[in-house]
Each structure stands twice: as C-alpha cells, then as structure tokens.
Amino acid sequence: MTSTTEQVPGSEQMAPDVATGPRGRLARFVGAFAVGLTLTAVLVVGVFVAFDGRYAGLVLPGVSVGTVDLSGLPPAEARDRLAAAYAGLAEGTLVIEIPDATVPVPYATLGRRIAAETLVDEAMATGRTGDPITQAVTRARLLLRPVSIAPRVELDQSTVAARIAAVAALAVRRSIDATITSTAVGYLSTRGTAGRAADATS
C-alpha cells in the first residue's frame, strides 16, 4: 500500500510565526533594550571621559567656598581668589584685658587669614571620590545643586602663643612683704603687696 502526504491548502498560514509571536517580540525587545543600554553606557562613559579631561587639574563646576565660586579654577588661582575675597580677616584688633591694663593685638600680627590651602584641597576633592559611577552621579548633582564649602580661618599658632605669653607677663606682679623698721624717732612700717601670677596656657 502506498501512502502520500499532501499539504492542506491554507495550512501555511496556520503555522505559528516565531518571528512575530510573543516570544519573538520579547526577544526583539530584550535585544533592543540591551543595545540601548550598551549605547547609553558608552555615551555616559564618553561624557565622563570628556568632562574629566576638560576639568583635569581644575575645581569642578558647582563648587564654591562660602560665596566665592571656584568653578574651573586651578588650585593656585583658587587660593589667590580666596585670599583676595577674605583679605578683611587680617583687619581688626584683638583686645586682651588684664588687671591694670588693656592690651590691643592687631589680627595682622597673628597671621589671621582664610585657610586657603586646606579649603582648595577640599574643593579639588569634591566630585572626585569613589568609583567612576559615583563620581559621575556626584558631578551631575553639582551642576543641578552646587556645593558651598564653609569658610575656615587659621592663625599662626606659634605667633599667637608668643603674644599671649608676652601679655601674660605684663599681668605678673611680685609680692612684697610688709616691714617694720626701727628709727631714732620711732618705728617706720611699710605695707605688703600681694603678688599675682598669670597662666598664659589657659
């Protein structure tokens, strides 16, 4: 007995089309998503590299100290700008009161100034810590929400200590004992004087 197989007319339309079926659409979506994700990653890396190259050795945009914008400045210029903006810190006088005297000490003689070196180092480090992804996110935030570092003042500690010691020395008074001296006409007495010490350290 001989058997033959014939295709039923129209059966080619009944066979499932893998390319247009649910699985095919899902595969195309996953592929497109992967390609898009890869292109986005490449774009982000490219922008990051270009941004990093543009601001290599410079303070990143959106970074300031107080009200002084340091964006795009090299460290030396940033320090000069801070020194100029806060030059007034050297003006004025510190008044130290001790018994029997008031001693003025000009701030300029104490080396009172903005802590430019430390603040610029902090400004340079802003947006440059962590892994590349963290840095990219931080830098993007800087553009939207700038960061202001609180100004800090510094003094020449050795000069301050020397000036305080000198002022404290003015407050020291040696004690004098009371005396009674016999003379031809009677006794002569002198009153004693209490001494006074000063603790320059405190």
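Is Glu154 buried, partly exposed or exposed? I found that Glu154 is partly exposed, at 28% relative accessibility; buried means under 20% relative accessible area, exposed over 50%, and partly exposed in between, with a 1.4 Å probe and protein chains only.

**Ground rules.** I noted that this is a predicted model, in which local features need pLDDT of at least 70, side-chain atom pairs count only at pLDDT 80 or more, and totals for chains, interfaces and linings use all residues. Residues are numbered from 1 along each chain as its sequence is written, and side-chain values use heavy atoms, leaving out hydrogens and water.

**Salt bridges.** I searched the whole structure and found 3 salt bridges, each being a side-chain nitrogen of Lys or Arg within 4 Å of a carboxyl oxygen of Asp or Glu. Side chains of opposite charge can pair when their charged atoms come close.

I began with Glu154, which forms a salt bridge with Arg113, their closest N and O atoms being 3.2 Å apart. This pair links distant parts of the chain, since Glu154 is in strand β7 (residues 153-154) and Arg113 in strand β5 (residues 113-114), 41 residues apart. Strands here are DSSP runs of E with at least two residues, helices are runs of H or I with at least four, and both are numbered from the N terminus. Arg113 is also partly exposed, at 38% relative accessibility.

Next I looked at Glu117 and Arg79, whose side chains meet in a salt bridge at 3.7 Å, N to O. Glu117 lies in helix α4 (residues 116-125) and Arg79 in helix α3 (residues 75-85), so this pair ties together parts 38 residues apart in sequence. I read a relative accessible area of 45% for Glu117, which is partly exposed, and 25% for Arg79, also partly exposed.

Then came Arg152 and Glu122, with a salt bridge of 3.1 Å, N to O. Arg152 sits in the loop between β6 (147-149) and β7, while Glu122 is in helix α4, so the pair ties together parts 30 residues apart in sequence. Arg152 is partly exposed at 33% relative accessibility, and Glu122 is partly exposed at 34%.

**The nonpolar core.** Which residues have the most contacts inside the largest nonpolar core? They are Val63, Leu70 and Leu82, in a core of 20 residues. A nonpolar core is a set of buried Ala, Val, Leu, Ile, Met, Phe, Trp, Tyr and Cys residues joined through side-chain atoms within 4.5 Å. I saw that β1 (63-65), α3 and α4 each supply at least two residues of this core, and that α4 gives the largest share, 5 residues.

**A stop at Ser64.** I found Ser64 in strand β1, and at 13% relative accessibility Ser64 counts as buried. Beyond the neighbours within four places in sequence, Ser64 is in contact with Asp69, Leu70, Val147, Ser148 and Ile149.

**Leu37.** Last, I looked at helix α2 (residues 22-54), where Leu37 is found. Leu37 counts as exposed, at 51% relative accessibility.

Key:
Contact means heavy atoms within 4.5 Å.
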